[in-house]
Amino acid sequence: MKVYFEIGPLKEREYTGIAQVTAALSQEILGDAELDSEFFFGRMIVPKPVVEGLLRTRNGDLLEWYLRRGPALPAPTDPSLSAIAVFPNRKTARRAFTKECQIIHDLSTLLTPQFHNRDTIEFHATSLEHDILSNDATLCVSDATRSDVLAYFPNVDASTVHTMPLAASIVSESEAFCGQKHAEPYVLVLGTIEPRKNASQVLDHIQTHPEFSKSYRTVFLGRFGWGTTIEQLVTRFKLDEEYSTGRIVFGGFVAEHVKNRLIRNAKLVVYPSLFEGFGLPVLEAAALGVPCVTTRSSSLPEVGGSYSYYFDPFTVGDFSRALIEALKDLDERPEIVRRRCLEWSKGFSWPKTYAIMRDGLLGLTSEKG
């Protein structure tokens, strides 16, 4: 058996979300000496040293460079070859390999189209069903996503659809925790600035609870995606003064070790997303001993377990209730709260995620045809 792993997501300049998952699984494959593996993009084989360089730099520029200069080494298209292809996101080929496996992160474009651009919706609406029906195995990052796939695509054989939970990518202690803690407490809001990530819920709380900004800075961390701009959000909630005086900070995209340090030093993390296939930031916070306030939506209770503080994003005042409850617990029993986060996060790891994927691929080789 030979496994071909598609690394299209590593072309991104900033590794978040799916690119982050692809990088973690690529690292596991590189460390698996028993697996006969290759990496590919489109119809080109990408040498392992190039993949290793991508994982070191966590920047897709190297892949762009190689694709412009590297030799054309097409991936096999002969179905008689014993080859399994794994696509960590969308499929770039169908039935070009003996067996094909795809990772599905969520069906948000189909289930919550109001949170996506029209071209993205149209792309997934026309391709996703064909992709899934052509899979020999489909790996879903949560039980919630698996349930969505089976409900939305009733023609799919349920025995070929499996759950493969993700894990948090945390840098070492020495890299993540250097320097002194911030003298002033802050709440860290994680997520791309776009409608689905629901940053407006936090800004609404700041507007209706002016005393909050006197006690805590609010730091938004994540790149701008689409929709309402940061400046427009601030103006909409009449928070220009808080923004100009640094009580509200938008940090944009930062490197992983910087993000980890900011999470570790935060009073707590807020992840107000309205829909997720998994919800990596919730688990990243737990792995660094920081509780998270998040929505009781889609997959997030699977990821947050009993350590997170949940709210209904469509119930007025429920976010404020959950936030106040979390802050109260942190003031009264901080060590217990943080220890509970760390214990929960130990149930997730990239080796465990990879083992599920690898076992699934080995299972495909035992099938006839």
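This is a predicted model: local features need pLDDT of at least 70, side-chain atom pairs count only at pLDDT 80 or more; totals for chains, interfaces and linings use all residues.
**Sheets, a pocket and a cavity**

Numbering runs from 1 along each chain as its sequence is written, and side-chain values use heavy atoms, with hydrogens and water left out.

**The six-stranded sheet**

- β12 (residues 292-295) and β13 run parallel and are joined by three bridges; strands count as paired when DSSP finds at least two bridges between them.
- Six strands make up an open sheet with parallel pairing, in the order β10-β9-β8-β11-β12-β13.
- β10 (248-252) and β13 (309-311) are the edge strands with a single partner each, so one side of each has no neighbour in the sheet.
- On average, neighbouring strands here are turned by 25° against each other, direction ignored; axes are lines fitted to C-alpha atoms (for helices, over the stretch in contact), and angles run from 0 to 180 degrees between N-to-C directions.
- Strands (E, at least two residues) and helices (H or I, at least four) are DSSP runs, numbered from the N terminus.

**Around β8 and β9**

- β8 and β9 run parallel, linked by five bridges, and Tyr186 faces Arg217 in β9.
- β9 also runs parallel to β10, with four bridges between them; Phe220 has Phe250 of β10 as its bridge partner.
- Four of the five residues of β9 are buried, so this strand is mostly covered, where buried means under 20% relative accessible area, exposed over 50% and partly exposed in between (1.4 Å probe, protein chains only).

**Helices on the sheet**

- α12 lies across β8, β9 and β11 (268-271), at about 135° to β8.
- α13 (residues 280-287) packs on the sheet and touches β8, β11 and β12, its direction making about 170° with that of β11; contact means heavy atoms within 4.5 Å.

- All five of the five residues in β4 (residues 83-87) are buried.
- Ala83, Ala85 and Phe87 cover one face, while Ile84 and Val86 sit on the other.
- On one hand, β4 runs parallel to β1 (residues 2-6) over four bridges, with Ala85 as the bridge partner of Tyr4.
- β4 also pairs in parallel with β5 (residues 99-104) over four bridges, and Ile84 is opposite Lys99 in β5.

**The second largest pocket**

- This pocket has a volume of about 330 Å³.
- It has 14 lining residues, and Ala24, Gln27, Arg58, Ser169 and Ile170 are the closest to its centre.
- α1 (17-30), α2 (48-57) and α12 (256-265) each give the lining at least two residues, and α1 gives the most, with five.
- The lining splits into six nonpolar, four polar and four charged residues; nonpolar covers Ala, Val, Leu, Ile, Met, Phe, Trp, Tyr, Cys and Pro, charged covers Asp, Glu, Lys and Arg, and the others, Gly among them, are polar.
- On a 1 Å grid over the protein atoms alone, a pocket is an open set of points with protein on both sides within 12 Å along at least five of seven lines, a cavity is a set where a 1.4 Å probe fits but cannot get out, and lining residues have an atom within 4 Å of a point.
- Points join across faces, edges and corners, and a volume is the space filled by probe spheres set on them.

**The cavity**

- One cavity of 30 Å³ or more turns up in the whole structure, and the largest cavity has a volume of about 50 Å³.
- Among its lining residues are Val189, Leu190, Lys197, Phe220 and Pro272.
- β8 (186-190) and β9 (217-221) each supply at least two lining residues.
- By class, this lining has seven nonpolar, two polar and one charged residues.
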